[in-house]
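Trainee: I'd like a close look at one part of this model, the ion pair and the helices around it. Please walk me through it slowly.

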Amino acid sequence: MGMTNEGERPPGPPPTGAAFLLAQLGAHAAGLFAERLAELDLTPPQGGLLRLLADSPGRSQRELADDLGMPPSRFVAFADELEERGLIERRRNPVDRRLYAVHLTDEGGKLLEGLWKVGAEHERRLTDGLSEQERDQLTALLRRLADRQGLSPGVHPGFRSVRAERTGRGGGRRKGTPTDGADADTAP
């Protein structure tokens with residue numbers, strides 16, 4: 001079906017391609033997931049950090065900031081809030097005492113269990129109209145597209161824009177915490 005007159009579209013809704021549908025579903029899914037995580041008093045980036053720490057505990061702040069695609073200067077304040085809540089802890093790195101290794105606490109592990117449940121329910125609800133085989137096929141196709149675009153597995157690209165804003169749990173920056181990325185790994 002072509003154009004009716006030059007510059008006019010045919011009647012009906014505009015055609016949508018795969019890129020638009022991916023963006024539309026992605027925005028919808030991200031919004032729903034954020035709402036569900038809010039019930040756990042978490043933001044998606046906070047949930048992402050907890051997941052990273054569960055998979056590989058003891059990593060440096062700089063490594064974690066890099067994995068999340070977040071500037072190290074933002075990561076310090078971002079991690080401060082989770083530490084103040086007792087969900088993560090910084091320990092001296094046994095190999096290089098100038099650095100801090102970040103770990104989940106027992107409380108953080110318990111909250112992570114709730115995060116897994118929320119994630120599983122979110123997945124189930126978003127793919128409700130598909131068979132198991134179709135879900136597997138869709139996941140494989142999307143993974144292939146994400147790999148082709150150079151996206152980090154398991155890391156939402158929106159984390160790059162995370163600000164070090166506080167939610168009111170104790171105010172501003174912790175005393176002695178650096179604000180620039182150069183010494184982000186040496187912050188207590």
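**A salt bridge and a helix crossing**

Mentor: Start with Arg 85, which makes a salt bridge with Asp 41; their closest N and O atoms sit 3.5 Å apart. (That term needs a side-chain nitrogen of Lys or Arg within 4 Å of a carboxyl oxygen of Asp or Glu.) Keep in mind that this is a predicted model, where local features need pLDDT of at least 70 and side-chain atom pairs 80 or more, while totals for chains, interfaces and linings use all residues. Numbering runs from 1 along each chain as its sequence is written, and side-chain values use heavy atoms, without hydrogens or water.

The pair ties together distant parts of the chain, 44 residues apart: Asp 41 lies in the loop between H1 and H2, and Arg 85 in the loop between H4 and strand S2 (88-92). (Helices are DSSP runs of H or I, at least four residues, and strands are E runs of at least two, numbered from the N terminus.) In total, the structure has eight salt bridges.

Now the helices H2 (residues 44-55) and H4 (residues 72-84): they pack at about 80°, with axes 11 Å apart. (Axes are lines fitted to C-alpha atoms over the stretch in contact, and angles run from 0 to 180 degrees between N-to-C directions.) The two are therefore roughly perpendicular, a label for 65 to 115 degrees.

Where they touch (heavy atoms within 4.5 Å), H2 brings Pro 45, Gln 46 and Leu 49, and H4 brings Phe 75, Phe 78, Glu 81 and Leu 82.

Definitions and conventions:
Angles under 35 degrees count as roughly parallel, over 145 as roughly antiparallel, 65 to 115 as roughly perpendicular and the rest as oblique.
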